[in-house]
Amino acid sequence: MKRTIAIRTCIMTIIAGMFSIAGCASYSIHSEISESAKLEALKKSGIVLRLPRTEMALYRDYARSLQFWLKSYEKQNDLFLLTKAEGNIVKYPSELERFYQISIDGDFMLYKSQGVIRQTLHENEPELKTLMEREGLDSLIIYEVDGDYSTEMQFIDFTSLVTIVDRDLSLLYLDHQANTIDIDEFDHNRAKTMLLDTVSKRLIETLEDLEYLSD
């Protein structure tokens with residue numbers, strides 16, 4: 001009897017551990033700025049991806065994946081996805097220019113990130129306002145991503161930051177995320193697709209929380 005109880009206890013511990021590991025795969029998104037009333041008033045937001053120049057996947061790959069995911073949801077906000085890399089905002093040349101700023105200890109630096117965002121918006125103001133006017137947008141959702149994967153080490157690793165700005169390029173929303181996810185895949189194309197889907201789902205989750213998308 002004692003042996004049976006011990007075996008059951010062991011099995012329950014293993015199952016609990018499996019659920020714990022599965023839970024670790026969820027996104028750890030930290031919201032820093034959220035002007036709720038102003039965000040609720042937005043009717044047509046443009047989605048712009050922002051990637052490092054050394055990114056493993058191309059802009060069109062990320063945009064194509066996100067486009068497929070968006071088609072599966074009902075839009076409460078008439079979201080417009082910029083499917084082609086256009087202008088300076090879509091690439092950052094170095095760590096100094098990225099929105100996602102971290103300290104030597106790996107901590108997110110909110111004030112420095114806000115400074116980089118505001119400076120970048122200022123430098124690209126004519127380009128961004130022309131885009132919004134051309135497409136009839138009242139805001140921009142800038143989704144900065146730095147993604148990586150390894151079939152040898154069996155992981156997907158990516159950091160991201162979402163910021164939403166209005167017509168005047170004022171910050172209405174800012175969040176950030178960093179995750180490393182274990183995978184069981186040795187095919188490079190499939191691992192890349194997993195990275196693209198993971199990145200897309202992270203933004204979809206944020207857009208659902210903002211009630212811009214619904215099932």
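## Notes on a predicted fold

1. Let's start at Glu125: its relative accessible area is 28%, which makes Glu125 partly exposed. That label sits between buried, under 20% relative accessible area, and exposed, over 50% (1.4 Å probe, protein chains only). Lys129, at 31% relative accessibility, is partly exposed too. The two form a salt bridge, with their closest N and O atoms 2.9 Å apart. A salt bridge here is a side-chain nitrogen of Lys or Arg within 4 Å of a carboxyl oxygen of Asp or Glu. Lys129 and Glu125 are about one helical turn apart, because they sit four residues from each other in helix H5 (residues 125–135).

2. A quick word on what you're looking at. This is a predicted model, where local features need pLDDT of at least 70 and side-chain atom pairs count only at pLDDT 80 or more, while totals for chains, interfaces and linings use all residues. Residues are numbered from 1 along each chain as its sequence is written, and side-chain values use heavy atoms, leaving out hydrogens and water.

3. Now the overall picture. The protein chain has six helices and nine strands; these are DSSP runs, numbered from the N terminus, with helices (H or I) of at least four residues and strands (E) of at least two. The chain counts 215 residues, and 44% of them are buried. Take the contacts (heavy atoms within 4.5 Å) with a separation of 6 or more: 72% of them are between residues 24 or more positions apart.

4. Just past the end of H5, Gly136 has a positive phi of about 65 degrees.

5. Which residues touch the most other members of the largest nonpolar core? They are Ile47, Tyr62, Leu70, Leu140, Ile164, Leu207 and Tyr212, out of 59 residues in that core. Such a core is a set of buried Ala, Val, Leu, Ile, Met, Phe, Trp, Tyr and Cys residues joined through side-chain atoms within 4.5 Å. Several elements supply at least two residues each, including H5, S6, S7 and helix H6 (188–209). H6 gives the most, with seven residues. As background, nonpolar side chains tend to be buried together in soluble globular proteins.

6. Glu144 is in strand S6 (residues 139–150) and Arg50 in strand S2 (residues 45–52), so the pair ties together parts that are 94 residues apart in sequence.

7. Have a look at Ser160 as well, in strand S7 (residues 155–166). Is Ser160 buried or exposed? At 1% relative accessibility, Ser160 is buried. Its side chain makes a polar contact of 2.4 Å with that of Gln177, and another of 2.6 Å with the side chain of Arg202. (A polar contact is a pair of N or O atoms within 3.5 Å; within protein, one must be able to donate a hydrogen and the other to accept it, and residues adjacent in sequence count only if both atoms are side-chain atoms.) Beyond its neighbours within four places in sequence, Ser160 also contacts residues including Tyr100, Tyr143 and Glu144.

8. One last stop for charges. Seven salt bridges turn up across the whole structure. Arg134 and Glu135 make one of them, at 2.9 Å from N to O. Salt bridges with shared partners join Glu86, Arg134 and Glu135 into one network. Arg134 is partly exposed at 46% relative accessibility, and Glu135 is partly exposed at 22%.
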